[in-house]
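Please look over the protein shown below before reading on.

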Amino acid sequence: MPDTEFSNDTPEADTPRGVLVHSAGPAESARLAATLRSAANAVAALAPGVTVEVVVQGPGVGLLVTGSTLGKPIGEAIGQGIRILACRNSLRSADLTPGQLLAGVGSVPAAIAHLATRQWEGWAYIRL
C-alpha cells in the first residue's frame with residue numbers, strides 16, 4: 001500500500017477558540033432575547049475564558065441600535081463578556097450605520113465571511 005501524504009489543517013492546540021452563535025432571520029425581539037440567553041448560558045457553563053460571539057445578520061440588526069427595546073439584555077450580555085456583532089451588509093440593507101449601534105455592539109464587514117473565518121479557526125458554530 002503506498003504512503004499517503006495528507007495535511008492536518010486543524011488549528012493548533014493553543015489557538016484561541018470560541019463559540020460562534022449566528023442569529024439570522026426576521027427582526028423578532030423575543031428570538032434575539034432567547035439567543036442572548038443561550039449565549040449567556042454558554043458563558044456560564046463553559047470553561048472560563050472561552051469567547052462567545054453573537055453575530056446578527058439580516059433584519060435583526062435593527063434590534064441592535066440605540067433605542068432598541070433590547071438595550072438592557074444586550075448591555076447585560078456585553079457585561080458578561082459576550083461579543084455582539086452586526087453584519088455591516090445587513091446594516092446597509094436596513095439603512096443603518098455602525099454609528100447607530102448600541103454602545104459595546106461591534107460590527108463585521110460581512111457576516112458570511114466572519115462565520116467562515118471563525119469556523120476555519122476551529123470555533124464551534126451554532127445557529128439560533
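**The cavity and its lining**

By class, the residues that line the largest cavity are five nonpolar, four polar and two charged, where Ala, Val, Leu, Ile, Met, Phe, Trp, Tyr, Cys and Pro count as nonpolar, Asp, Glu, Lys and Arg as charged, and the others, Gly among them, as polar. This is a predicted model, in which local features need pLDDT of at least 70 and side-chain atom pairs count only at pLDDT 80 or more, while totals for chains, interfaces and linings use all residues. Residues are numbered from 1 along each chain as its sequence is written, and side-chain values use heavy atoms, with hydrogens and water left out.

- The structure holds one cavity of 30 Å³ or more, a cavity being a set of points, on a 1 Å grid over the protein atoms alone, where a 1.4 Å probe fits but cannot get out.
- The volume of the largest cavity is about 60 Å³, a volume being the space filled by probe spheres set on the points.
- Lining residues, which have an atom within 4 Å of a point, include Ser 23, Pro 26, Arg 31, Leu 32, Val 56 and Leu 63.
- At least two residues of this lining come from each of S1, helix H1 (29-45) and S2.

**The overall fold**

- The protein chain has four helices and five strands, and along the sequence these follow the pattern β-α-β-α-β-α-β-α-β; helices (H or I, at least four residues) and strands (E, at least two) are DSSP runs, numbered from the N terminus.
- Of the 128 residues of the protein chain, 36% count as buried, where buried means under 20% relative accessible area, exposed over 50%, and partly exposed in between, with a 1.4 Å probe and protein chains only.
- Among the contacts with a separation of 6 or more, 74% are between residues 24 or more positions apart, a contact meaning heavy atoms within 4.5 Å.

**Helix H1**

- The 17 residues of H1 should span 24 Å at 1.5 Å a residue, and its end C-alpha atoms are 24 Å apart, which agrees; the expected span is 1.5 Å times one less than the number of residues.
- The buried residues of H1 include Leu 32, Thr 35, Leu 36 and Ala 39, and what covers the buried residues of this helix includes S1, S2, helix H2 (71-79) and S3.

**Helix H4**

- In helix H4 (residues 111-120), the buried residues are Ala 111, His 114, Leu 115 and Arg 118.
- Seen down the axis of H4, these buried residues fall within an arc of 100°, so they line one face of the helix; the arc is that of the directions from the helix axis to the C-beta atoms.
- The face turned away from that buried side carries the exposed residues Ile 112 and Trp 120.
- The cover over the buried residues of H4 includes strand S1 (18-24), strand S2 (51-57) and strand S3 (83-87).

**Single residues**

- Ser 23 lies in strand S1 and is buried, with a relative accessible area of 8%.
- Cys 87 lies in strand S3 and counts as buried at 2% relative accessibility.
- Cys 87 and Ala 110 are 23 residues apart in sequence, yet 5.4 Å apart in space, C-alpha to C-alpha.
- Asp 95, in the loop between helix H3 (88-93) and S4, is exposed, with a relative accessible area of 70%, and its phi is near 55°, a positive value in a residue other than glycine.

Technical notes
1 Å grid on protein atoms, 1.4 Å probe; cavity = no way out; pocket = protein on both sides within 12 Å on 5 of 7 lines; lining within 4 Å.
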